[in-house]
Amino acid sequence: MPMEEPLFRLPLSLLLFLSLFLLPTCFSSSTRDLHILNAERRIDLTSHIIKVYLTLKVENSGTSPASEVHLAFSPAEAEHLAIVKAAATSGKRKKMTYTPLDVKSAELPDGPNGTKFFTVTLLTPLNKGETTTLEVLYILTHSLEPFPVEISQSESQLVYYRDSAILLSPYHVKQQTTFIKTPSTRVESFTVVDPAKRAGTELKYGPYEDQPPYSYSPVLVHFENNNPFAVVEELEREIEISHWGNVQVTERYRLAHAGARHKGAFSRVEYQTRPDATGASSFKHLLARLPPRVHSVYYRDDIGNVSTSNLRTDYRKSELEFQPRYPLFGGWKSTFVIGYGLPLQDFLFESPDGRRYLNFTFGCPLTQTVVDKLILKVVLPEGSKDPTAVVPFQVEQHLEVKYSYLDVVGRTVVVLEKRNVVPEHNVPFQVYYTFNPIFMLAEPLMLSLAFFLFFVASVSYLHVDLSIRK
Amino acid sequence: MAASDAHKGDVSMRNAFGSVLAFLILLLIGVLAFSIRLFSVIKYESVIHEFDPYFNYRVTQFLTKNGIYDFWNWFDDRTWYPLGRVIGGTVYPGLTLTAGTLYWLLNSLNIPLSVETVCVFTAPIFSAFASWATYLLTKEVKGVGAGLTAAALLAMVPSYISRSVAGSYDNEAVAIFALIFTFYLYLKTLNTGSLFYATLNSLSYFYMVCSWGGYTFIINLIPMHVLLCIVTGRYSSRLYIAYAPLVVLGTLLAALVPVVGFNAVMTSEHFASFLVFIIIHVVALVYYIKGILSPKMFKVALALVVSVGLAVCFAMVAVLIALVASSPTKGWSGRSLSLLDPTYASKYIPIIASVSEHQPPTWPSYFMDINVLAFLIPAGIIACFSPLSDASSFVVLYIVLSVYFSGVMVRLMLVLAPAACILSGIALSQAFDVFTRSIKFQLPSLSDHSHIDAGDASSENVVLDDTIKTDKSEDTPKERTTKRSKKKEKEPVEKPPSKSQLKKRLSVLPFEASIVAVFLLVLLVAFYVVHCVWAAAEAYSAPSIVLTSHSNDGLHVFDDFREAYAWLSHNTDVDDKVASWWDYGYQTTAMANRTVIVDNNTWNNTHIATVGTAMSSPEKAAWEIFHSLDVKYVLVVFGGLVGYPSDDINKFLWMVRIGGGVFPHIKEPDYLRDDGKAFDRVRRTEIGKKYFKLTHFEEVFTTHHWMVRIYKLKPPKNRIRGKNKRSKSKTSSTTTSKRKGTRRNPF
């Protein structure tokens, strides 16, 4: 396995967001039995995608074995929650290994108003007196609130982050600490909940001892964050499969800068002569990671090509670095289309039962962006039947029909929709379908027939005398 | 008997072969015409060019989205705010309907091309059609060989390429095809006397009327030719059939086009055709009476008819004059008047005069646009006189008139181009005909055939032409295509000796002279081809919304216009009004989808003058004018940083003139003082005002190379503060708001 992200790398870690009420909670009693010995929370605020790493040391103090651990989120968090992953750790320090765990959303009867729960299913039930360590990662989007709401070109962007100094949990927490990492040392203010201190780019809350279940202590951090708040409001990816050897991908973006809104004049002079001091929160470069062996890449918008892009390819990946037509300041928007072709054999396979399946990456190729609404369309070749999509998390699905070059019956389109997509959703998914290769010949035959008929008609016209006069 | 059968079979075989070959060559000419226009797509991108094409593109989008009925009733409220514009009644719908039909056809076959793609490639497709129409037309005049030559010449004539490269989605692109095709059908009717072709001719004329205001050229040229034929004693029933249905049907059909409507009978551009219509009937009557009466009776009748006829004519003329005099412009539109009197526009209509394509051309532009054809035309005229037929006299008249018109307006060079191609094609084809025949006749190895050919040649016209052409193409099919284009200067020079060397009934030139002449002609044609390819690739392919420049460190792309339009379309409210000089109106509505105050249609001079006045007023006054028009953003173009010459300062004097034409307080001399010290890189002069601050406008966007700058009108201030500011701004800014904007010094 490559080393990029050893933590949550395995494909099995992906069964999230399964249906809400699938299991009416069976172990509600376990909330009484379990308690958390030690909780450490690291909140990374360096970009607009907030990552929270939570390490929980759980002990079963009850009598019956517990196989589930619950995580609690406040309503505000739950609304912006993009993904929750959990893993069990074993081993010490260097040789630590991570085993991904199943995470499901759940309902608990005794939670305070609006609290949302997720259930982590342990690999082996926790017996009385045993402890286990869980690593949880959850990602929040749209949780940094710019303040001031409007800034001028020369100001830098300040944002609020709201959270609780104390971990919201259905369990008793013996000891806990929260670390908040800010992008720069400029922190305007933060709520002090003793003991709390700030050192460099890190805020430390805690350690707090012996907090009862559902303790909450709101904190507000006001700090500088000039990272690009690039949000794709809507992304439509169309993946068109041609059995003649090509997969054509068309991605339509509607991009916005979701940071503090730009106020007043935009001076290009300032922007060009003092790039450090002005437009600190604006951005003009974007990076898309495309699959290797990509070809025929284009980048355009409604009114033609956009001329500022740069494609680097090697055998492992392709990187498209591009600029929107204009730099994006807070509140500015832009739309564009990126399209590329890929060799079919890299993505289309035949499953043992004779069906074909497309194996492609879900999510958005842009780095460091949030996608509010992702619409993924897989256009199967004409004549395909029985499409089924296998996606490791919950998405909305439906079918459409699209008519493309010389189609008669139309192509089946599998449409997958998901909201609030972050780079962690870039995992493979599959679309299975059956296809008879004879359909590949339909269009060439149709064309040949049309030309043949045309020539027959011409010949017969030239040999038939239709004139009335003799 | 058997021998003559064999001979006949041989000839018909060769005819069949020749027509297949001609078909193939025509196909290749079509491909050539299409592909030579793709340089713009290959060098730049598949995008709509310039200004007017953007309007046509927008109209086509509307048509494909909303259908034909909504299109006719379309009242466009996104332009000429607050007046709006009735698009359905003020555009020539031919181009739009053509592209819309193409789009509909393709999409009903499930070929999902976008409207933009269809629009981009409409012009190249129609230039292929135009070259085929040229073939047909020239064939009617001088046979297949001349037709093929003319078609090949037209396929790549730079003048036409300049208006029909891929992306140049303008009326002219389809109108030139319609023009040539109408002329072809007229000549075809004239040659055959078939009512079928006469009807087709009217329909083709209808298509032309739909497509371009230049249809008045047709409706004046054809009557003039008819008159010429009558005067030179060439009246025939074929002429009558060619002309009378055209006037009746054509005028009725033309009146169906909303933009023409009653103009088809009310304006002076059309009166010539009605006058000739009367004359031809009088003449027809005379001929008819002459036919049924004995010569003596005829003389009596003639005296009677002439006196009655004259009286009727005078009455008609009087009515016409009364009609003409009653209309304010004497029935002539401004553009037509400036055609008849080249100084008219610059005297009275600055808007027409301000457009560069309405200026008279310079000699280099003739060489650039029709190249060697300019020298081949005289030879072609001479060839048309030997012998002079109805058709060839038409071609001569066509060239003479179009040369005059092209001398008045650069734009009409486009009408000259087909005529030049036809005549050069005739000249080249005739010259090659003479030379190759001379060569073949003197080749000993071919003496057998040459007897046959000589026989054929001495017999007559079209069939002969065919066979000879076929022979030539058999010899060197490849060379022939290039050869075909050129043959002119030599001919007049070589002709006198050929007369002296008559052998039997054949004019034969010396063998060596013929070889050299053919070689020189091929060279001339090669030069033409090289020039055309160069012109297509380098001169006429730039889309003008994207600019490029080559420097030491590579290619620079200046995509500022689209940057600004994209910014406008995504970051302003959908109902905001944007003011700019009228050149950018079409692009702003099409690309940014924002309401504009004036656009390239220029139908309302006062409105344009208002914007011109605002542009040339002090800041406060400009703010008030713009505010009264509900304008939120002002878009100005500034080339001073990167050296883009045709920016708003370049056009500034026109703004002053047009503004001053309606609002007399704007006086041109006020803007001609020179009192400044900052440097403008385009004009290599210092700018007048530096270090000023804008009070009533604020810069909200400037593109990467500063070429487009967008200013926002600040909301009105509180009274007391406003008063202070106002007095300050009055003193600090005497030049225009626009100048201030663009000349704001960064350093």
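This is a predicted model: local features need pLDDT of at least 70, side-chain atom pairs count only at pLDDT 80 or more; totals for chains, interfaces and linings use all residues.
Residues are numbered from 1 along each chain as its sequence is written, chains are lettered from A and ligands numbered from 1 in the order in which they are written, and side-chain values use heavy atoms, with hydrogens and water left out.

**View 1. The interface of chain B and chain A.** Here 29 residues of chain B are in contact with 27 residues of chain A, contact meaning heavy atoms within 4.5 Å. About 2400 Å² is buried between the two chains, and carbon and sulfur atoms give 52% of that area. Buried area is the accessible area (1.4 Å probe) that two parts lose on being put together, summed over both. In chain B, Asn110(B), His570(B) and Glu699(B) lose the most area to chain A, together 22% of what that side buries.

**View 2. Salt bridges across the interface.** The rule finds 3 salt bridges between chain B and chain A, each a side-chain nitrogen of Lys or Arg within 4 Å of a carboxyl oxygen of Asp or Glu. Glu563(B) forms a salt bridge with Arg268(A), with the closest N and O atoms 2.8 Å apart.

View 3. Asn600(B) lies in the loop between strand 8 (595-596) and helix 30 (605-615) of chain B; helices (H or I, at least four residues) and strands (E, at least two) are DSSP runs, numbered from the N terminus. Asn600(B) counts as buried because its relative accessibility is 12%, and buried means under 20% relative accessible area, exposed over 50%, partly exposed in between (1.4 Å probe, protein chains only). The side chain of Asn600(B) reaches the backbone oxygen of Asp583(B) at 3.1 Å. A polar atom of that side chain also lies 3.1 Å from the backbone nitrogen of Tyr586(B).

**View 4. The loop that holds Ile438(A).** Ile438(A) is found between strand 31 (428-434) and helix 4 (442-463) of chain A. With 55% relative accessibility, Ile438(A) counts as exposed.

Conventions: A polar contact is a pair of N or O atoms within 3.5 Å; within protein, one must be able to donate a hydrogen and the other to accept it, and residues adjacent in sequence count only if both atoms are side-chain atoms.
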